[in-house]
Amino acid sequence: MQHYYPYEIIEGNPANGLVLLADHAMNRLPPEYGKLGLPDSAFTRHIAYDIGVEPLTRELAAALDAPAVLGCFSRLLIDPNRGEDDPTLIMKISDGAIVPGNHPITEEEWENRLNRFHRPYHHAVSQTIARAATAGGKAPLVISLHSFTPAWKGVDRPWHAAVLWDNDPRAVFPLIERLEATGDIAVGNNEPYDGALRGDTMYRHCMTPGIAHALIEIRQDLIADAAGVAAWTRRLAPILTELNGLPKLHDYQRHPSRTGAYDG
């Protein structure tokens, strides 16, 4: 069996105090999974990955000299932005597309995907955040990058970008303020999704240990080509640099989650 790397780490300078994450950066599958019984066209859609996020993360990491972790497997195989006990971890149906390779699925194969893909990705995230904390001598600021479809079930989405969060506002409010300051984009606050999801990446790596963070969603048509990625890199890089310079975003401060009490 060919070795398959479930994540990629962009080293950057961990002492800078900023870490970028891209859970759904890629639409790849190991060869032995074929296409999970789906047509090739499924892997050009949002159900397989977050369109535009891989090149955006790479350009931002280069511009900011920031470490980054990219997921290297399609969310159709297993979703790294879900807790291990989340029923949507391995989807049987995604936006109307039945995924034959995911149903039926044995307990052994479920555990196999956790061990080969989900857990190694999260270990890489944990290690990258820990390196940044050690190098900088303080909590890093963590920014997760995602993208969303321009419309959902026939209804247009008016936002150009959005910031998702649970209950830690430290990075969120200054981020939204700076995104809105130019006056040329509509910014969603926990739209089109709610950022409180128990067990997801931000919950696991930021809410639980008390690290300041934000999840940025960008509308996919705006970063679907190189020009769009470059434009959003120019927009986001100075904002993230400014946020990273705020001392209050580098303290450990645990906030209660809207999803309920923490375990332990």
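How do the residues of the lining of the largest pocket divide into nonpolar, polar and charged? They divide into 12 nonpolar, 11 polar and 10 charged, where Ala, Val, Leu, Ile, Met, Phe, Trp, Tyr, Cys and Pro count as nonpolar, Asp, Glu, Lys and Arg as charged, and the others, Gly among them, as polar. The views below show a predicted model, in which local features need pLDDT of at least 70 and side-chain atom pairs count only at pLDDT 80 or more, while totals for chains, interfaces and linings use all residues. Residues are numbered from 1 along each chain as its sequence is written, and side-chain values use heavy atoms, with hydrogens and water left out.

View 1. The largest pocket has a volume of about 680 Å³, a volume being the space filled by probe spheres set on grid points that are joined across faces, edges and corners. A pocket is an open set of points on a 1 Å grid over the protein atoms alone, where a 1.4 Å probe fits, with protein on both sides within 12 Å along at least five of seven lines, and lining residues have an atom within 4 Å of a point. Of its 33 lining residues, His 24, Arg 75, Asp 79, Arg 82 and Tyr 193 lie nearest the centre.

**View 2. The aromatic pair of Phe 73 and Phe 117.** The whole structure holds four aromatic pairs, counted when ring centres of Phe, Tyr and Trp (its six-membered ring) lie within 6.5 Å, with planes under 30 degrees apart taken as stacked, over 60 as edge-to-face and the rest as tilted. Phe 73 and Phe 117 form a tilted pair, 5.7 Å centre to centre with 50° between the planes. Phe 73 is buried at a relative accessible area of 0%, and Phe 117 is likewise buried at 0% (buried means under 20%, exposed over 50%, partly exposed in between, with a 1.4 Å probe and protein chains only).

**View 3. The edge-to-face pair of Trp 165 and Phe 173.** Trp 165 is buried, at 13% relative accessible area, whereas Phe 173 is partly exposed, at 47%.
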